[in-house]
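Subject: Structure handover

Hello,

Here is the structure I promised to pass on. Please open it next to this note. My findings follow below.

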Amino acid sequence: MTKELFFQAIWKFALGVIAIGILLFVPAGTVSYWNAWLLMGILFVPMFFAGMIMMRKNPELLKKRLHAKERQIEQALVIKLSGLMFVIGFVIAGLGFRLQWMMLPDWISWAAAVLFLFSYLLYAEVLRENTYLSRTIEVQQGQKVIDTGLYGIVRHPMYSATIVLFLSMPLVLGSMVSFVVFLAHPIIIAKRIRNEEIVLEKGLEGYAEYKKKVKYKIIPFVW
């Protein structure tokens with residue numbers, strides 16, 4: 001662990017907290033939007049501790065994820081579409097709280113929070129199983145096919161976890177309208193996976209055989 005990496009991680013973490021706070025509380029017109037505080041708590045508290053653990057045990061993985069920049073034009077577009085989805089979804093959730101647009105019952109928000117934390121644990125397990133994970137689509141030096149654990153069930157368990165994570169967010173926020181916006185995420189992920197598998201099949205030895213062994217991409221027995 002280096003001081004430079006530590007400060008870079010803390011800086012990006014702080015920017016994330018501030019950005020999401022602005023996107024939620026400014027449209028809501030109040031800081032008394034309890035759903036937003038709940039989401040930020042279950043999102044950033046585990047993220048902080050996970051980052052500290054990663055910094056201590058696998059700083060190279062943390063550094064790689066902090067500085068990742070998508071080089072492929074098609075995938076860069078996918079990243080931009082995801083960012084746009086988040087901005088629109090969070091702003092609509094805040095406005096929905098202010099104007100009371102199709103707000104969901106509190107119990108749904110709490111149930112979605114439990115689902116969110118469960119998917120966070122799945123995401124952490126994926127990171128533990130596959131140290132080659134990157135925020136960009138690439139084949140790294142020395143990379144090998146992982147076919148055990150969650151990777152023995154679906155080929156892209158990270159995307160399985162993030163779909164549940166992202167679809168539970170608007171439910172935690174209590175916004176049905178925002179949930180509709182976030183339904184774009186599985187479509188965006190499908191586009192990303194299609195390109196990613198082409199890259200992996202061409203550049204990663206054994207991936208073609210792995211596709212035959214593990215038939216499902218993100219949802220067991222479905223897709």
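How are α5 and α6 oriented to each other, roughly parallel or roughly antiparallel? The axes of helix α5 (residues 106–129) and helix α6 (residues 157–172) cross at roughly 160 degrees, so α5 and α6 are roughly antiparallel to each other. Angles under 35 degrees count as roughly parallel, over 145 as roughly antiparallel, 65 to 115 as roughly perpendicular and the rest as oblique.

First, the ground rules. This is a predicted model, where local features need pLDDT of at least 70 and side-chain atom pairs count only at pLDDT 80 or more, while totals for chains, interfaces and linings use all residues. Residues are numbered from 1 along each chain as its sequence is written, and side-chain values use heavy atoms, with hydrogens and water left out.

**Overall**

The protein chain has nine helices and zero strands. Helices (H or I, at least four residues) and strands (E, at least two) are DSSP runs, numbered from the N terminus. Of the 223 residues, 42% count as buried. Buried means under 20% relative accessible area, exposed over 50%, partly exposed in between (1.4 Å probe, protein chains only). Take the contacts between residues at least 6 apart in sequence: 78% of them join residues at least 24 apart. Contact means heavy atoms within 4.5 Å.

**Helix pairs**

Back to α5 and α6. Their axes come within 8 Å. Axes are lines fitted to C-alpha atoms, for helices over the stretch in contact, and angles run from 0 to 180 degrees between N-to-C directions. The crossing is left-handed, meaning that the near helix is turned anticlockwise from the far one by less than a right angle. On the α5 side, the contact residues include Ile108, Leu115, Phe116, Tyr120 and Val126. On the α6 side, they include Pro157, Met158, Val164, Leu165 and Val172. By class, the contact of α5 with α6 has 17 nonpolar, four polar and no charged residues. Ala, Val, Leu, Ile, Met, Phe, Trp, Tyr, Cys and Pro count as nonpolar, Asp, Glu, Lys and Arg as charged, and the others, Gly among them, as polar.

Now α1 (residues 3–28) and α2 (residues 34–57). Their axes are 11 Å apart, at an angle of about 170 degrees. This pair is therefore roughly antiparallel too. Among the contact residues are Phe6, Phe13, Gly16 and Gly21 of α1, and Trp37, Phe44, Phe48 and Met52 of α2. The contact of α1 with α2 divides into 19 nonpolar, two polar and no charged residues.

**Salt bridges**

How many salt bridges does a search of the whole structure find? Five. A salt bridge is a side-chain nitrogen of Lys or Arg within 4 Å of a carboxyl oxygen of Asp or Glu.

One of them pairs Lys213 with Asp147, with the closest N and O atoms 3.3 Å apart. Lys213 sits in helix α9 (residues 207–213) and Asp147 in the loop between α5 and α6, so the bridge ties together parts that are 66 residues apart in sequence. Lys213 is exposed at 54% relative accessible area. Asp147 is partly exposed at 30%.

Arg155 and Glu197 form another, at 2.7 Å from N to O. Arg155 is in the loop between α5 and α6 and Glu197 in helix α8 (residues 184–203), 42 residues apart. Both Arg155 and Glu197 are buried.

Lys211 and Glu201 also meet in a salt bridge, at 3.1 Å from N to O. Lys211 belongs to α9 and Glu201 to α8, so parts ten residues apart in sequence are tied together. Lys211 is partly exposed at 25% relative accessibility, and Glu201 is partly exposed at 39%. Shared partners join Arg155, Glu197, Glu201 and Lys211 into one network.

**Single residues**

Phe182 is in helix α7 (residues 176–182). Phe182 is buried, with a relative accessible area of 0%. Beyond its neighbours within four places in sequence, Phe182 contacts Met85, Phe86, Gly89, Phe90, Phe166, Leu167, Met169 and Pro170. Phe182 and Met169 are 13 residues apart in sequence and 8.6 Å apart in space, C-alpha to C-alpha.

Two backbone angles to check. Most residues other than glycine have a negative phi. Gln100 has a positive phi, near 60 degrees, and lies in the loop between α4 (73–99) and α5. Met102 has a positive phi of about 45 degrees. Met102 is also in the loop between α4 and α5, and is exposed at 55% relative accessible area.

Best wishes
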